[in-house]
Each structure stands twice: as structure tokens, then as C-alpha cells.
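Please consider the structure shown below.

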Amino acid sequence: MKTDEPSAGQLNVELPNGQAVACITESEALLLWAEMSEEGMYGIAAGRLRPGDAVLDIGANIGLASLMFRHTVPDVRIIAFEPAPMTFACLEENLRRHVPGAVAVRAAVSDEVGELDFTFYPNSPGNSGLFADREADDETTRHFLRNSGIDEEFIDELLEGLHCGTSLTVPATTVSETIRRYGLDDIGLLKVDVERAELSVLRGIEDDHWPRIRCVAAEVHAEGGRLEEIVALLGKHGLSAEVSQSPKLVGTPLYDLVATRADRP
């Protein structure tokens, strides 16, 4: 019989709303939950969901966005993707506890189906990814901690070993393959949080599948003109993007993007 006891390598943490979730690190779980406010990107996107909508949670991590989407609109259909085995185990457990009927898929989402190299940060699972960059990730986290009011003398200590990675080979799929596999005629929300792989996810959408997507919410790493390229790609397919940046991320290349289709309510 299933219980809510954590598996090996997992912790249980109680969120501010009283829900207990499985996680790898308590501090990151609480930090991720803080991003699920009504005023933030995920809250704005959740407010546009309708009963019966399909949601693709790409880069689901331990599933907190999926929890929030289901809480906002109980009748949404969620398919959540996470490639790292330890993180995926937490995602599966949290969906079982709090999002019954949701589907967890252990895969990266990219522009091709197959296998890809992936870097997993055991001490910072949420920053893991296909294009992990330890130096850049340290610098982004340094700005975040500084903007959060952490004393400078403690920042180096907090960063020590945070982004020491392990190389993995993970399965990969595409949005279009997912549309075919699950028979999705309409996607109310495509949520993308994939640590520099945002363009790869969007390039994995075939032209005839774009009209099925009503809203995109993405965290974008804006290095190398990536943000401008994403906005242009979305615009080409009829989605108008609004871009913002959290005060805690000023000085970093991280931006929030919510894009909606002007020709559909």
C-alpha cells in the first residue's frame, strides 16, 4: 500500500498551504513554491486556464506548478515532464498525492526524439539541465542571493559546491510527439522551465501543431539573443508575448514570459 513516507533520497516538506510534498532539498522546494504566487508568471498563466484544458508542464521539477494549476482549475489535464531520475521520483510521488490523474513522463523535451546528455546538480536540482553552465549558474545565483538580502560574506559559502554536476543520459521527446501520443487537440497552457533549452522545446513544435496552443509561460535565459528569438518565434505563430523580470533577478539573464493567442479567448 502506498504511503506518504518519503523514499530513499527524498525528504518531506510541508508547504505554507499545508500540503506535504516530496523533495530533494527543502530549501529549494520552499523557494519554488514562493514562485507560485498569483502575481507571478505561473499565477498569471493559471488564471487563464479553463476546465478541461490540457497543460504540458515541461521542466516540472518536483511538480509544484502542476499542484498550483490543479488547485486553480481542478478539471485540468496535466502531463508533466522531468528527466532527472531523483527529481522525477519526487514528481511522481507529488502528483500521486495531490494531482490524481496527472501523467508524469521521465523525459527531457527538446527538438528531437532520442537520448540527450543532461547535467544534474544534486545540491540544486532545479538548475539542472541540458545546457548547464556552472560558472553562469553560480553568477545568476549570486545575484539572486544578493537581491534577496543575503549578506555578501555568506554568499560564497552558500555557493560552495552548489553547482557540482553529474552527467546523465536521459530520454528526450518533443511537444509534437506528445501531442500525437496523447491525442491533444487543444493545449490551454504550455509551461516551459528548462534552463537554457527553451528554444529547443519550441523548435520541437511542428507548424500544424502551433494553432492548438493557447498560452505559453516560460522562464527564459536571455543569453545570446535567445529572448528576442523566442518572442519572434511565438509572434510568427500568432502568440503575443509579455516579458517581465522579478526584482530578485535584476542583473541576471532570467526573464518571465507569458504569451497568448490574440485570436482566441
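V192 lies in strand β9, which spans residues 189-192; helices (H or I, at least four residues) and strands (E, at least two) are DSSP runs, numbered from the N terminus. This is a predicted model, in which local features need pLDDT of at least 70, side-chain atom pairs count only at pLDDT 80 or more, and totals for chains, interfaces and linings use all residues. Residues are numbered from 1 along each chain as its sequence is written, and side-chain values use heavy atoms, with hydrogens and water left out.

V192 counts as buried because its relative accessibility is 2%; buried means under 20% relative accessible area, exposed over 50%, and partly exposed in between (1.4 Å probe, protein chains only). Leaving aside neighbours within four places in sequence, V192 is in contact with I58, E198, V201, A217, A218 and E219, where contact means heavy atoms within 4.5 Å. The C-alpha atoms of V192 and E38 are separated by 18 Å, and these residues are 154 apart along the chain.

I58, one of the contacts of V192, is found in strand β3. I58 is buried, since its relative accessible area is 1%. Apart from neighbours within four places in sequence, I58 is in contact with F81, V109, V175, L190, K191, V192, D193, V194 and V201. Although I58 and V201 are 143 residues apart along the chain, their C-alpha atoms are separated by 8.6 Å.

In soluble globular proteins, nonpolar side chains tend to be buried together. A nonpolar core is a set of buried Ala, Val, Leu, Ile, Met, Phe, Trp, Tyr and Cys residues joined through side-chain atoms within 4.5 Å. The largest such core has 78 residues, of which L56, I58, L64, F69, V175, L190 and L234 touch the most other members. A second, separate core of seven residues includes I155, L162, L249 and L254. L190 touches L56, I58, V175, L202, I205, I213, C215, V216 and A217, when residues up to four places away in sequence are not counted.

The loop between β9 and α8 (198-203) holds E195, and R196 has its place in this loop as well. Most residues other than glycine have a negative phi, and most peptide bonds are trans. E195, which is not a glycine, has a positive phi of about 50°, and R196, likewise a residue other than glycine, has a positive phi near 85°. E195 is buried because its relative accessible area is 6%, and R196 counts as buried because its relative accessibility is 8%.

Another loop, between β3 (54-58) and α3, contains N61. Is N61 buried or exposed? With a relative accessible area of 11%, N61 is buried. Beyond neighbours within four places in sequence, the contacts of N61 are E28, L32, E82, T87, L91, P125 and G126.

N61 also takes part in the lining of the largest cavity, together with C23, I24, T25, E28, A29, L32, I62 and P125. Rolling a probe the size of a water molecule over the atoms shows where empty space is left. On a 1 Å grid over the protein atoms alone, a cavity is a set of points where a 1.4 Å probe fits but cannot get out, and lining residues have an atom within 4 Å of a point. The count comes to one cavity of 30 Å³ or more, and the largest cavity has a volume of about 30 Å³; grid points are joined across faces, edges and corners, and a volume is the space filled by probe spheres set on the points. Helix α1 (residues 26-34) gives the most to this lining, with three residues.

T87 and L91, contacts of N61, are among the buried residues of α4, which also include F88, C90, E93, N94, L95 and R97. Helix α4 (residues 85-98) has 14 residues and reaches 20 Å from its first C-alpha to its last, close to the 20 Å expected at 1.5 Å a residue; the expected span is 1.5 Å times one less than the number of residues. The cover over the buried residues of α4 includes β1 (11-14), β2 (20-23), α3 (64-72), β4 (77-81), β5 (103-105) and β7 (114-120).

Key: 1 Å grid on protein atoms, 1.4 Å probe; cavity = no way out; pocket = protein on both sides within 12 Å on 5 of 7 lines; lining within 4 Å.
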